[in-house]
Amino acid sequence: EERRRVAEKAERERAQEEARRSRVAEAPRRAVEVQTLDHRGLVRALQDASADDTTKENAAHTLASFTWANANDAAYVAAYALPQLVALLRGGTDKGRGNAAAAIQNIVAGDHGQR
């Protein structure tokens, strides 16, 4: 039983590390894509109660990319999008929750050399 738990924990950690490495590898490409985006529109998409799940998933994903590439603008996103990202984290689809978590992680990491 103990060996099984240890193996499951190791597998979860391996999967998390693989996902993190994938996001890091994609960051340069994402950075180019998000440089021209208006992050205020993304925040509005999250605030829009009538927006469908896919729209919110995509907005959260793009905000995650934006905050990764633009640590200086992460403060704006935190000020205006954090409540919506938390709401998506609590009640969105699996994909939406994952994207919201990534955006929140990037906001929290900020520009403190944790990237």
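In the predicted model, the protein exposes about 7400 Å², of which carbon and sulfur atoms supply 50%. Of the 115 residues in the protein, 33% are buried. The secondary structure consists of 5 helices and 0 strands, and the elements follow one another along the sequence in the pattern α-α-α-α-α. Among the contacts in the protein that have a separation of 6 or more, 62% are accounted for by residues 24 or more positions apart.

Helix H3, which spans residues 53-69, and helix H5, which spans residues 94-109, have axes that come within 8 Å and cross at roughly 20°. Because angles under 35 degrees count as roughly parallel, H3 is roughly parallel to H5. The crossing in which H3 passes H5 is left-handed.

The contact between these two helices involves Glu-57, Ala-60, His-61, Leu-63, Ala-64, Thr-67 and Trp-68 on the side of H3, which meet Lys-95, Gly-96, Asn-99, Ala-100, Ala-102, Ala-103, Asn-106 and Ile-107 on the side of H5. When these residues are sorted by class, the contact of H3 with H5 comprises 8 nonpolar, 5 polar and 2 charged residues. Among the residues that take part are Leu-63 and Trp-68 from H3 and Ile-107 from H5, together with Glu-57 from H3 and Lys-95 from H5.

Notes
Residues are numbered from 1 along each chain as its sequence is written. This is a predicted model: local features need pLDDT of at least 70, side-chain atom pairs count only at pLDDT 80 or more; totals for chains, interfaces and linings use all residues. Side-chain values use heavy atoms; hydrogens and water are left out. Helices (H or I, at least four residues) and strands (E, at least two) are DSSP runs, numbered from the N terminus. Buried means under 20% relative accessible area, exposed over 50%, partly exposed in between (1.4 Å probe, protein chains only). Contact means heavy atoms within 4.5 Å. Accessible areas come from the Shrake-Rupley method with a 1.4 Å probe; for residues, only the protein chains shown count as cover. Axes are lines fitted to C-alpha atoms, for helices over the stretch in contact, and angles run from 0 to 180 degrees between N-to-C directions. Angles under 35 degrees count as roughly parallel, over 145 as roughly antiparallel, 65 to 115 as roughly perpendicular and the rest as oblique. A crossing is left-handed if the near helix is turned anticlockwise from the far one by less than a right angle, and right-handed if clockwise. Ala, Val, Leu, Ile, Met, Phe, Trp, Tyr, Cys and Pro count as nonpolar, Asp, Glu, Lys and Arg as charged, and the others, Gly among them, as polar.
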